[in-house]
Amino acid sequence: MTKRQAVIIAVLSILALTMGLDLYLLKGEFIRDFGRGFRVDVSERRIVPRLR
Amino acid sequence: MVRQLFWKEFREIRSYLVLSNLIAFLLVLYLSFDRRIPPEFAFPFSFTMLVLPMVRAPVHAVTTWKREWDQHHDLLLLSLPVRGWWLVTAKLCAALLETATLTVTIVVSVLLVGRTELVQPIYDFTGPGLMLYWTLLVVVLPWTLGTAVVHILGQLAALVSRIVPLFSSLVGVCTFAIGLWGIIRVGGLLAPLLRWLPALPLYSISVSGGIGYEQWLRVQMAPLAGALLALAGLFWLAGWLVEREIEP
């Protein structure tokens with residue numbers, strides 16, 4: 001195994017461990033965080049005329 | 001040179017494009033002419049084939065790179081005087097072309113022969129322009145973005161597993177999963193910093209009791225912008241790997 005391959009495996013392992021902990025400890029809270037960011041402001045309803 | 005690169009990718013998927021578009025057209029025809037199917041199903045199911053490019057994208061991303069290596073095209077490809085990200089872009093565009101052609105086929109087929117009873121009450125208030133706007137915004141844009149995300153992740157997974165031949169499949173799957181997690185994670189983390197971005201205004205119309213009501217929705221797109229930044233980073237990484245790390 002070359003040094004480059006070892007570095008990639010090490011980086012992937014650390015990231016996989018972080019992801020695993022994130023999913024296990026926060027139980028998908030990050031997905032809800034992501035969804036909550038899409039805040040929606042709704043204007044008042046107005047009647048529109050029929051085109052035909 | 002770049003044009004030839006795009007043309008090469010297009011030639012590879014040409015027959016598949018014809019087949020998938022033909023199936024999409026036949027599906028719309030079937031849903032339109034089989035009167036046993038209620039319009040509540042016929043109309044939305046006419047767009048089912050748009051799911052296909054997104055499902056196929058990671059497979060296409062991996063197999064297209066694998067084919068280069070198996071057929072020893074990589075010797076030529078990596079010696080071309082183009083940046084690595086052009087190679088990644090050409091393959092990505094081939095996948096996005098599938099979404100684009102399927103959209104055109106489905107929308108035109110639905111307009112020509114589709115059963116539009118379901119949307120007819122809204123159509124009376126909006127006309128074709130707004131319906132097209134909604135089709136693009138609600139159907140095409142999310143599917144195109146989704147296809148781009150999984151395709152870039154698929155390419156990255158293929159490239160990383162090429163560099164690490166030991167347990168290459170496992171490395172590829174891990175790269176894909178970590179990439180997907182990373183995009184959502186970074187999107188959520190960057191969202192508070194990107195609140196200054198303007199909200200996306202969406203026009204909505206609903207019909208109740210024969211009366212049409214319009215509303216404007218303003219959607220904060222900060223998490224999406226953060227996720228797109230993360231995706232851009234992964235795209236750059238894939239290009240960099242092609243240019244610097246992949247060896248024929």
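**Exercise 1. The interface of chain A and chain B**

How many residue pairs are in polar contact between chain A and chain B? Describe the interface as well.

*Solution.* The model is a predicted one, in which local features need pLDDT of at least 70 and side-chain atom pairs count only at pLDDT 80 or more, while totals for chains, interfaces and linings use all residues. Residues are numbered from 1 along each chain as its sequence is written, chains are lettered from A in the order in which they are written, and side-chain values use heavy atoms, with hydrogens and water left out.

Step 1. Between chain A and chain B, nine residue pairs are in polar contact, both residues being at pLDDT 80 or more; a polar contact is a pair of N or O atoms within 3.5 Å, where within protein one must be able to donate a hydrogen and the other to accept it, and residues adjacent in sequence count only if both atoms are side-chain atoms.

Step 2. On the side of chain A that touches chain B, at least two residues each are supplied by α1 (3-26), α2 (29-36), β1 (40-42) and β2 (46-48) of chain A, where helices (H or I, at least four residues) and strands (E, at least two) are DSSP runs numbered from the N terminus. The largest share of this side, eleven residues, comes from α1(A). Sorted by class, the side of chain A that touches chain B has 18 nonpolar, four polar and nine charged residues; here Ala, Val, Leu, Ile, Met, Phe, Trp, Tyr, Cys and Pro count as nonpolar, Asp, Glu, Lys and Arg as charged, and the others, Gly among them, as polar.

Step 3. In terms of contact (heavy atoms within 4.5 Å), 31 residues of chain A meet 41 residues of chain B. The area buried between the two chains is about 3400 Å², of which carbon and sulfur atoms give 64%; buried area is the accessible area (1.4 Å probe) that two parts lose on being put together, summed over both.

**Exercise 2. Strands across the interface**

Which strand of chain B pairs with β2(A), and in which sense? Follow the strand pairing from there.

*Solution.* Step 1. β2(A) pairs in the antiparallel sense with strand β2 (residues 211-219) of chain B, over three bridges; two strands pair if DSSP finds at least two bridges between them. The bridge partner of A:Arg46 in β2(B) is B:Glu214, and the side chains of A:Arg46 and B:Glu214 also meet in a salt bridge (2.5 Å, N to O), that is, a side-chain nitrogen of Lys or Arg within 4 Å of a carboxyl oxygen of Asp or Glu. Across the interface of chain A and chain B, the rule finds two salt bridges.

Step 1. β1(A) and β2(B) run antiparallel and are joined by three bridges, with B:Leu217 in β2(B) as the bridge partner of A:Val42.

Step 2. Within chain B, strand β1 (residues 200-208) pairs with β2(B) in the antiparallel sense over nine bridges, and B:Tyr203 stands opposite B:Trp216. These two strands of chain B form a hairpin with two residues between them, and B:Gly209 in the turn has a positive phi of about 60°.
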